[in-house]
Amino acid sequence: MAYTNQRMAYGNTLVELGKEDKRIVVLDADLGGSTMGKLFETAYPERHFEMGIAEANMTSVAAGLAQTGKIPFTNSFAVFAGGRAYDQIRQTIAIGKLNVKICGSSSGMSDFGDGATHQAIEDMAIMRAIPNMTVICPADANETIQAVKAMVELDGPCYLRLNRNDYENVTPEDKPFVIGMPSVLKEGSDIVVFATGIMVCKALEAAEELKDKVSVKVVNVSTIKPMNKEAVIKLVEGCKAVVTVEEHNIVGGLGSAVSEVLCKECKPIEYVGVEDTFGGSGHNYNDVLEYYGLTKEHIMEAILKMAEN
C-alpha cells in the first residue's frame with residue numbers, strides 16, 4: 001500500500017515487521033493515536049507499552065528492554081522524544097550503545113497549531129551531537145518504510161524524525177534504504193542542493209522552476225548522521241556552489257553537517273532553514289512554512305543568489 005503520511009507508513013511498517021520479528025516492542029507516551037503506535041497496540045497488545053506522559057521513564061524502560069534482547073521503539077512528539085528524555089538517551093542508551101529506536105513524530109513546524117512548545121527545530125542538532133547515535137530524516141512516506149526496515153537491521157541507537165502531515169512521495173517505492181548514503185533525485189551541474197525531509201520535495205519543485213536558468217542537482221540526505229563523506233564530496237565536484245535546505249534550525253542540522261564535510265572543498269554554501277528562532281502557531285502548515293522561509297520560492301532565491309555570485 002502506498003502512503004502519503006510518514007506516521008501511517010511508520011506505524012504500519014512496525015506492524016508488518018512485528019509479524020516476523022517478535023523482538024520488536026513499542027512504547028508510547030500518551031500519544032499513540034498521533035504517533036501511530038496504536039496500530040502496533042491493536043496488532044500486538046502484549047508487546048505495546050503505554051507509559052503515559054513520561055518520556056524519561058519510557059526511555060529508561062526501553063533501555064532495560066534492549067538489554068533483554070528486545071528491539072524497542074519509543075514514540076513521542078520529536079520535541080519531547082529527545083528533549084525530555086535527553087539525559088536517559090545520553091547516559092544509558094548512547095553510552096551503552098543499546099539497541100533502542102527513538103521516533104520523533106510531528107517534527108519541525110509540522111505541528112503547526114501548537115506553536116513553539118510542540119515544534120522541534122533543534123532535535124537533529126541534539127541527536128547528531130550524541131556519540132553512537134544514528135539520525136535519520138526520511139524524505140517521504142515511501143522512504144520511511146524502508147528506513148524503519150533498515151533501523152531494525154541496525155544494532156545500536158537510532159533517532160527517526162517524522163513529519164505530521166500528508167504530502168506527495170518523491171522517492172520510489174521499495175528502494176532499499178542505505179544508512180549514511182545520500183541519493184541524487186535530480187541531476188544538475190551548476191548548483192547542488194542538499195535537502196532533507198519535506199524540504200526535498202520543495203527543492204525538486206524549485207529546481208524544476210529554474211531549469212531554464214540554472215542546472216540544479218537535488219540530493220536527498222535522509223541520514224544526517226553518519227554521513228558518507230566521500231559521497232558528499234563526490235557530489236559537489238565541478239559545481240559552482242551549494243545550498244542546504246531543512247525544516248530545522250540552520251544551527252547544528254543538515255547545513256552544519258554538510259559544511260563540516262565540505263570545509264576543505266572551498267565551495268560557497270547558502271543555508272535555507274529556520275533562522276535560529278523558535279517556531280510559532282499558524283492557521284495551517286503552509287502559512288507557518290511561508291513565515292519561516294521554508295518554501296519553494298525561498299529555495300529558488302537561494303539558488304539564484306549562489307548562481308549569480
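Biologist: What share of the accessible surface of the protein belongs to carbon and sulfur atoms?
Modeller: The accessible surface of the protein comes to about 12500 Å², by the Shrake-Rupley method with a 1.4 Å probe, with only the protein chains shown counting as cover for residues. This is a predicted model, in which local features need pLDDT of at least 70 and side-chain atom pairs count only at pLDDT 80 or more, while totals for chains, interfaces and linings use all residues. Residues are numbered from 1 along each chain as its sequence is written, and side-chain values use heavy atoms, with hydrogens and water left out. Of that accessible surface, the part belonging to carbon and sulfur atoms is 50%.

Biologist: How many helices and how many strands are there in the protein, and what is its radius of gyration?
Modeller: Taking DSSP runs numbered from the N terminus (H or I, at least four residues, for helices; E, at least two, for strands), the protein has 13 helices and 12 strands. For 309 residues the globule rule (2.2 Å times the number of residues to the power 0.38, compared with a radius taken over C-alpha atoms) gives 19 Å, and the protein is close to this, so it is as compact as a globular protein of that length. Its radius of gyration is 19 Å.

Biologist: Of contacts between residues at least 6 apart in sequence, what percentage join residues at least 24 apart?
Modeller: A contact here means heavy atoms within 4.5 Å. Among the contacts between residues at least 6 apart in sequence, the share that joins residues at least 24 apart is 80%.

Biologist: Which residues of helix H9 are buried?
Modeller: Across the protein, 59% of the 309 residues count as buried, where buried means under 20% relative accessible area, exposed over 50% and partly exposed in between (1.4 Å probe, protein chains only). Helix H9, residues 199–209, is mostly covered, with 8 of its 11 residues buried, and the cover includes strands S7, S8, S9 and S11 as well as helices H12 and H13. The buried residues of H9 are Met-199, Val-200, Cys-201, Lys-202, Ala-203, Leu-204, Ala-206 and Ala-207.

Biologist: Which aromatic pair is stacked, and which is edge-to-face?
Modeller: Rings of Phe, Tyr and Trp (its six-membered ring) pair if their centres lie within 6.5 Å, with planes under 30 degrees apart counting as stacked, over 60 as edge-to-face and the rest as tilted, and by this rule there are 4 aromatic pairs. Among them, the rings of Phe-77 and Phe-80 are 6.2 Å apart centre to centre with 15 degrees between the planes, and both residues are buried. The rings of Tyr-291 and Tyr-292 are 5.0 Å apart with 75 degrees between the planes; Tyr-291 is exposed at 67% relative accessible area, whereas Tyr-292 is buried at 15%. The stacked pair is therefore Phe-77 and Phe-80, and the edge-to-face pair is Tyr-291 and Tyr-292.

Biologist: What is the phi of Lys-97, and what is that of Asn-132?
Modeller: Lys-97 sits in the loop between helix H6 and strand S4 and is exposed, with a relative accessible area of 56%. Asn-132 lies in the loop between helix H7 and strand S5 and counts as partly exposed at 37%. Neither is a glycine, yet the phi is positive in both: for Lys-97 about 55 degrees, and for Asn-132 about 75 degrees.
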